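Biologist: I would like to learn how to read a complex of two chains. Please take me through it step by step.

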Amino acid sequence: MRIIVLLLLCSLLMGCAEEPSRIQDELELGQYTQAVDQSSHQDPMHDAAQLMVRLETQFASYRFEDSITTARMIEQLPLTQDNPVRLRAKSIQLSTEEMLDRLKQAAGTYQIDRTLLDDGQEEKAFPATGQLKVSFGKPHTLLATIQYQQFGTTDAPRSVTESVHFEPDLSARLALSEGVVSYVFSRAGLTLSFEGPGGKRIYQLKKVDQ
Amino acid sequence: MERCSLCGTPLETEATACSYCKHPVLKKQRFDEELPVSPVKPSRHVLSFIFIFVLVIGSIGTWYALTQTDSTRTMLAPPVQALPLSDWSDETSAYNQTYSSENPPASYDILKFVRQYTQTVPETANYSKATDTLETFSAIQFATLDAFQSEVDALRTIHAASDSPVPPRLQTVDFKRFVSKGDSYQVRTVETYQLPAGQQLVTYDVRYNVRLHTDHLQITHIVRTEVPA
């Protein structure tokens, strides 16, 4: 009888110290592909891990609208509120929504507010003309189309359309034949600068109210 | 065996008084005769003990489990926040990140690593065996020598355009398939580069094999195929 009591106690203690599975560890560490690799289709966490892989590949491709769709699918899964997969999917969803809001604010038509020419010796304004139209693409949300409308110095305005890949901080830096052009979006508007052998030309652009 | 209720001395079966303190036992005898109590079996004692034991442990367990979930819930109470930009963008360089068994790479780290590698591709296309030192090409920080050389061979279209004063540039990287096979990762991407001549685009279907080489990530194999426009 004593042995039975002891066995009972041991089994209860074993039940208390339940060891978390390896897949659980991988999910907590964000190793979703490993979790998919090591779980079977019957595993309740398999689908969640699979969807997380899809979400992260879309997010890493900067396909923000697709990411939101997948994050919502993960939200529908029967996971507890504090499940690490659910929390990670939610953070990604919030990041993408925040990003889409910023892109919405950045898109539009810009006109020249101030200009600055820095030729290494002095800084002065220079005459400039024209407008810029910025729109962001789908499904690659950070790929912008920039339409120059008679834009540039008054003696040589340009009317071209450029496809520019922006980084998530909404800046882009492109090499030109002799120099670099950079775009930086900020709260104040868009700063466009051309750096070349003749110095640095900065256009401070302001969004046209629509 | 019956004992005296006053001093505890063992009593004879038929005794009417305690042999030691002379305390009468008549009353008890009469009670015993009226209500004969069957002796409790020892096994019943054990069974009731087990029952009470299980009940007590069970209720302690339930109470503990309930307090545990409550406390973890309060610990995780802060609302979910958006990720910091540096966590998911290419603000921090991925090639010098180190990992260990306690700090293994997360799946997003692999994607970030490959994405940052693709930014080095236009530069790799410029590589010339005759004039260039391999170490100056940033792609070598991401990939093995074999992978780098296979890239130089595969990037002919971009290489042909790289004489132009405007260098080719990366336009989009689309991650298509991402799986783990044991301790290696396989990533498939569709990459588009813009060539300077008339903004022409060139698209590649690329398969990468990434491995954790001692403490850092390394691309061990690349199969790059140009997708006809």
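Biologist: How many residues of chain A are in contact with residues of chain B?

Modeller: Two residues are in contact if their C-beta atoms, placed from the backbone, lie within 7 Å. Here 37 residues of chain A are in contact with 41 residues of chain B. This is a predicted model, in which local features need pLDDT of at least 70 and side-chain atom pairs count only at pLDDT 80 or more, while totals for chains, interfaces and linings use all residues. Residues are numbered from 1 along each chain as its sequence is written, and chains are lettered from A in the order in which they are written.

Biologist: Which element gives the most to the side of chain A that touches chain B?

Modeller: Helices (H or I, at least four residues) and strands (E, at least two) are DSSP runs, numbered from the N terminus. On that side of chain A, α6(A) gives the most, with 7 residues.

Biologist: How many helices and strands are in chain B?

Modeller: Chain B has 7 helices and 4 strands, and along the sequence the pattern is α-α-α-α-α-α-α-β-β-β-β. Among contacts in chain B between residues at least 6 apart in sequence, 46% join residues at least 24 apart.
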